[in-house]
Amino acid sequence: MNKIILASHGDFSQGLKQTSSMIIGDEGNIFALSAFRDEDEPIKRQVEHLLEKIGYEDVYILTDIFGGSVNNDLLAIQQEHPEVHLFAGMNLPLVISIATQSGKITSEQMNMILEESRQGMIDCKQLLTAKINTGGDDL
């Protein structure tokens, strides 16, 4: 089973875990860690402790923003453990897609998952304006 570690500034990762669990259920394979809250440990150390418990195979670490301190701190883990996958810019479609894949995710599958999660970001105003201007009723 794929294991997902959500790591973010503040409570974003906890909210994302809670929401994904509401949609797909809680299989115990999604973990949420926060930086710069009340934790005594830096985020890198929190992730290292968790990895020691859950192992390194089929682990996907998702961070909130590329170039942010959380992502930058976890780049060292990616370098030390190339079997672990690190992605920045997490969103709900990405979490759900990874969590619901059975078995190992190939590079090609991961590229498709990433593209689908990017396509989940829609400018609804632009979409509605385009539909109104073309006379379309269906979105």
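Which strands and which helix do the buried residues of H1 pack against? In this predicted model, the partners are strand E1 (3–9), strand E2 (30–35) and helix H4 (92–99).

Helix H1 covers residues 12–24. Four residues of H1 are buried, namely Ser13, Leu16, Ser20 and Ser21. These residues lie on the same side of H1, because the arc they cover around the axis is only 135°. Gln18 and Met22, on the other side of H1, are exposed. After the helix comes Gly25, which has a positive phi, near 90°.

The strands come next. Four of them form an open sheet in the order E2-E1-E3-E4, and their pairing is parallel. E2 and strand E4 (85–88) are the edge strands, each pairing on one side only. From one strand to the next, the twist averages 20°. In general, the strands of a sheet pair through backbone hydrogen bonds, in either a parallel or an antiparallel manner. Here, E1 and E2 run parallel and are joined by six bridges, and Leu6 stands opposite Ala32 of E2.

Two further helices meet these strands. Helix H2 (residues 43–54) lies across E1, E2 and strand E3 (59–63), and runs at about 160° to E2. Helix H3 (residues 69–80) also packs on the sheet, where it touches E1, E2, E3 and E4; the direction of H3 makes about 165° with that of E4.

The loop between H2 and E3 contains Asp58. Its backbone deserves a glance: phi of Asp58 is positive, near 55°, although the residue is not a glycine. For comparison, most residues other than glycine have a negative phi.

Is Ser34 buried or exposed? With a relative accessible area of 1%, Ser34 falls under the 20% cut-off and is therefore buried. A polar atom of the Ser34 side chain lies 2.6 Å from the backbone oxygen of Gly10. Met112, by contrast, is 78 residues from Ser34 in sequence and 28 Å from Ser34 in space, C-alpha to C-alpha.

Terms used
Residues numbered from 1 in each chain as written. Predicted model: local features only at pLDDT ≥ 70, side-chain atom pairs only at ≥ 80, totals over all residues. Heavy atoms only, no water. Helix = DSSP H or I, 4+ residues; strand = E, 2+ residues; numbered from the N terminus. Expected span 1.5 Å × (residues − 1). Buried < 20%, exposed > 50% of the residue type's maximum accessible area, 1.4 Å probe, protein only. Arc of directions from axis to C-beta. Contact = heavy atoms within 4.5 Å. Pairing = 2+ DSSP bridges. Axes fitted to C-alpha atoms, helices over the stretch in contact; angles between N-to-C directions. Polar contact = N/O pair within 3.5 Å; in protein donor to acceptor, adjacent residues only side chain to side chain.
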